[in-house]
Amino acid sequence: MTLRELRHRARKVLGPIPYDYVAGGAGEERVLADNEKAFDRYALLPRVLSGSETRDTAVDLPGARQAAPVLVAPTAFHRLVHRDGERATARAAAAEGAVLVTGTAATTAVLDVVAAAREAAPRPPVWFQLYLHPRGEVTRALVWRAEDAGCTALVVTVDSPVFGRHTRDLRNGFTDLPPGFAAENMRGLPGAGPDALTPIPMSPAVRWPDLAEAVRGTSLPVLVKGVLHPDDAKLAVEHGAAGVIVSNHGGRQCDAVPAAVDCLPAVTEAVAGRVPVLLDGGVRRGSDVAVALALGASAVGVGRPVVWGLAAEGETGVRRVLATLRDEYDHTLALCGGRRNADLTADMVVRNGGAGAR
Ligand SMILES: Cc1cc2nc3c(=O)[nH]c(=O)nc-3n(C[C@H](O)[C@H](O)[C@H](O)COP(=O)(O)O)c2cc1C
Ligand SMILES: O=C(O)C(=O)c1ccccc1
């Protein structure tokens with residue numbers, strides 16, 4: 001079953017409102033569409049007679065060694081699409097040797113997510129995504145929860161000073177989680193009662209010094225997610241980031257930004273090898289992974305495909321998505337004459353007419 005077929009199956013099992021929540025983007029969904037289309041505008045220029053029967057696709061990332069350069073990007077509300085929710089995603093990612101990024105919008109507490117991952121692998125790499133709270137003590141409490149649970153890195157999302165206008169959700173009146181579901185990591189934080197939920201912070205008052213404070217307050221590596229401008233990539237490194245994630249939030253924030261992959265070359269150049277650069281948005285095939293690596297990414301995140309796998313088939317579906325991308329990527333690497341990820345270099349990517357149909 002291809003990733004595309006999994007999305008169709010997910011659409012059948014999900015009601016239209018959850019389906020639209022996952023599938024949709026901001027505004028006119030220009031960026032949502034462009035993230036995928038942009039990959040069709042690049043082509044790979046293989047090298048020949050330079051390959052190997054055995055290939056090494058493993059990658060070392062902050063707090064994680066992965067079997068392949070593909071990780072699970074943070075996506076909210078997994079229990080909304082499958083009864084096993086984040087636990088199933090965690091077991092699947094751990095079994096496939098992929099980083100799972102869980103986070104503030106998970107419908108399962110981070111402690112339980114890490115415990116589920118440990119059912120599948122002894123030391124599974126789980127990262128924790130958060131939004132900085134204008135009140136430092138709330139951020140510190142969240143960070144402590146992630147550390148205590150055994151997360152090996154933090155991901156601070158910086159592209160959401162305000163919540164995106166998700167057109168389909170507004171049309172569907174989907175503004176709150178249905179009863180019985182909650183962002184469990186936001187329960188019992190400072191300034192709220194032991195059982196009360198603090199709203200997920202998205203605040204334009206959060207600025208660079210808040211990032212620096214978060215970096216100082218933890219021993220974990222901190223990756224900064226949602227960088228598009230090369231000067232912000234430099235600032236992230238200067239403020240102590242252990243990695244930069246080029247992302248436009250899957251087209252769910254500003255609907256006038258470039259496709260994520262089109263921002264990658266300039267960010268890679270600005271970061272100049274000081275920390276790893278990651279990318280998410282529109283990755284649907286192994287060849288997309290190869291293009292991103294050739295343009296400077298150390299690894300890529302996948303968002304929606306993982307949620308479609310979870311909705312359609314639970315843990316098995318997530319495993320299928322990750323295994324498919326890994327196999328396709330390994331195959332592409334072989335076709336390009338590569339033995340390891342670093343063999344994919346910028347000269348092996350060219351612009352193509354853009355006629356690719358998908
Ligand atoms: C349903 C959904 C929920 C998301 N929730 C979050 C979130 O809570 N935090 C975050 O940083 N990014 C979130 N994202 C963005 C993803 O991490 C990622 O940037 C994006 O999905 C990548 O694009 P792709 O879906 O084309 O792979 C979400 C994306 C989707 C589709
Ligand atoms: O839907 C999203 O894109 C997202 O990032 C999010 C964040 C917090 C709560 C719900 C969704």
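**Ligand shells and helix packing**

The model is a predicted one, with local features needing pLDDT of at least 70 and side-chain atom pairs counting only at pLDDT 80 or more, while totals for chains, interfaces and linings use all residues. Residues are numbered from 1 along each chain as its sequence is written, with chains lettered from A and ligands numbered from 1 in the order in which they are written.

Ligand 1 has 23 residues around it, and Ala73, Ala105, Thr157, Gly250 and Gly303 come nearest. Its shell splits into 8 nonpolar, 11 polar and 4 charged residues.

Now for the helices, starting with α4. Helices (H or I, at least four residues) and strands (E, at least two) are DSSP runs, numbered from the N terminus. Of the 11 residues of α4, 10 are buried, so this helix is largely enclosed by the rest of the structure. Buried means that 20 or more other C-beta atoms lie within 10 Å of a residue's own; exposed means 12 or fewer, and partly exposed is in between, with C-beta atoms placed from the backbone. The buried stretch includes charged side chains such as Glu86, Arg87 and Arg91. Among the elements covering these buried residues are β4 (70-72), β5 (100-103), α5, β6 (126-130) and α12. Just after α4, Gly97 adopts a positive phi of about 70°.

One of those covering elements, α12 (residues 304-335), has its axis within 8 Å of that of α4 (residues 85-95), and the two cross at roughly 15°. Axes are lines fitted to C-alpha atoms, for helices over the stretch in contact, and angles run from 0 to 180 degrees between N-to-C directions. The pair is therefore roughly parallel (angles under 35 degrees; over 145 is roughly antiparallel, 65 to 115 roughly perpendicular and the rest oblique). The crossing of α4 and α12 is left-handed, meaning that the near helix is turned anticlockwise from the far one by less than a right angle, with clockwise giving right-handed. On the α4 side the contact (C-beta atoms, placed from the backbone, within 7 Å) uses Ala88, Thr89, Arg91, Ala92, Ala93 and Ala95, and on the α12 side Val306, Leu310, Gly314, Glu315, Val318, Arg319 and Leu322. These residues divide into 8 nonpolar, 2 polar and 3 charged.

Helix α12 also packs against α1 (residues 3-13), at an angle of about 165° and with the axes 10 Å apart. That makes α1 roughly antiparallel to α12, and the crossing is right-handed. From α1 come Leu3, Leu6, Arg7, Arg9, Ala10 and Val13, which meet Pro305, Trp308, Gly309, Ala311, Ala312, Gly317, Val321 and Thr324 of α12.

A further pair is α5 (residues 110-120) with α6 (residues 136-149), at about 20° and with axes 9 Å apart. α5 thus runs roughly parallel to α6. Val110, Leu111 and Val114 of α5 make the contact with Arg145, Ala146 and Ala149 of α6.

Conventions
Contact = placed C-beta atoms within 7 Å. Near = placed C-beta within 6 Å.
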